[in-house]
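The structure comes first, then the details.

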Amino acid sequence: MSDFPPDFLPQNFLDSHFLNPDRSNIEEIRRLGYTFVDLIVDSVLDTQNQAFVQDASSFKIDIPEHGDKLSNLLAEVRSQILPRTVNFQNPRYMGHMDSVPTVITIWADALVSAINNNMLSYELSPVFTQIEAQLMQWFGNLFGMGTDCFGTLTAGGSLANISALLLARNWKQPPSKRLGVSNNLVAFVSEAAHTSFEKAMNVIGVGKENLVRVLTNHRGEIILEELESAIEKTIREGKQPFFVAAIAGTTVTGAVDAIQAVGKIAKRYDCWFHIDAAYGGAGIFTPKLQSLFQGCELADSMTFNPQKWLWVARTCAMLLVKDKQYLIDGFDGELPYMDDRALNFGNLNLQGTRRTDSLKLWMALKVMGVSGCRYLVERSLDLSENLQQWVDDSTDLELVCKPTLNIVCLKSSDLKLSSMALRQQWIDEGKLWLSLPLWKGERILKAVVLHPYAG
């Protein structure tokens, strides 16, 4: 035992980190849990009136040879870690697509970690496999993707988009699963689409140079004539179009492409049609925005992230498909160490081990209901209209474009004050924390109105 401190006792060490089967340390474990509850409530949630970032200095991890007391560790987290985090709880933070999670999903996330089942297979997570399968069909039906729809939860929207492109490649060229990819495939997205599409083209072996980014209008919506022209140009060059995406909620302006029109173009040229609704998909819950989703029945696949506009704690994203067979054919996986007669999600996505995020999502939907989801989405739209009105009434600000969702893009109209300088001024004053994206060659200010008490 020379490698351990003099007072090291194996039983005490084990009882500090695990619940003893004889339950002798159950109250200590319980007290530790209550300590975390107090830490989360007092030092994370109850920070609405605190600075966006309290401490911007660097931090060193300093791993010790011998473990420290848990009480000392939590004190360090409280004093050294939390002040360095970005405070999304502040209602004036509107910088990116970062929502404050509903409290049920915070505690549900802890429950998920405690259960620690593995979504690799039915054998390892029977009830969660059932929940995930039903949730995927429920969301697919919500978007009108048909009776055979299915899907899988993923670790973020980027992975969902990458998976969609892989499915499209294997659908268009089935031998590519065994032999690799020919170099004549071309995919089409708008110039406002997420950077994950470049990543995807790299990952699936088609190459980023074979991703065509199509021009958009001033709001960030894909120009249909430019899309069709780009596809026809590719065909004339002897290449093969295989994938077209419509974006429902672009990263900068929150624009929504004409889904039905883009889908019809995709089908006309025998392309896989994908909808990236990672952000904007929550709009399906309100009649105010449902018309934007006409054409979802044409989609072969769809990305949606409840971790964004549905206020579910990260991570919680999904890839939906029109037909479960797409996942079976596209991933073509086998788990020889599991029962192949069961539904094993490890065969149906790029991940093996996955957390049971289905529990967290199900609990959120159960406690809020469809009407609660609608209320929160519509509230964020109302709050964004208030912000838009504030910009309209200002003599020093102007809108970049009329918002489609709850994303408001603005800029300084004062020639002596750049948007960058104005942003920093607002942050220093604790007034607003907005992001500073590049849009059409100009740095603008972007507000994503997600906080339910924003204002």
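## Helix crossing

Helix 9 passes helix 10 in a right-handed crossing; right-handed means the near helix is turned clockwise from the far one by less than a right angle, left-handed anticlockwise. The axes of helix 9 (residues 224–236) and helix 10 (residues 259–268) come within 10 Å and cross at roughly 15°. That makes the two helices roughly parallel (angles under 35 degrees). Axes are lines fitted to C-alpha atoms, for helices over the stretch in contact, with angles from 0 to 180 degrees between N-to-C directions. Helices are DSSP runs of H or I with at least four residues, strands are E runs of at least two, and numbering starts at the N terminus.

## Helix contact

Helix 9 contributes Leu224, Leu227, Glu228 and Ile231. Helix 10 contributes Ala261, Val262, Ile265 and Arg268. Contact means heavy atoms within 4.5 Å. The residues divide into 6 nonpolar, no polar and 2 charged.

An open sheet of 7 strands has mixed pairing and the order 1-7-6-5-4-2-3. Strand 1 (150–154) and strand 3 (211–214) are the edges, each pairing on one side only. Pairing requires at least two DSSP bridges. The twist averages 20° from one strand to the next.

Strand 5 (residues 272–277) and strand 6 (residues 301–304) run parallel, joined by 4 bridges. Ala277 has Phe304 of strand 6 as its bridge partner.

## Basis

The model is predicted: local features need pLDDT of at least 70, side-chain atom pairs count only at pLDDT 80 or more, and totals for chains, interfaces and linings use all residues. Residues are numbered from 1 along each chain as its sequence is written, and side-chain values use heavy atoms, leaving out hydrogens and water.

Methods: Parallel < 35°, antiparallel > 145°, perpendicular 65-115°, else oblique. Nonpolar A, V, L, I, M, F, W, Y, C, P; charged D, E, K, R; others polar.
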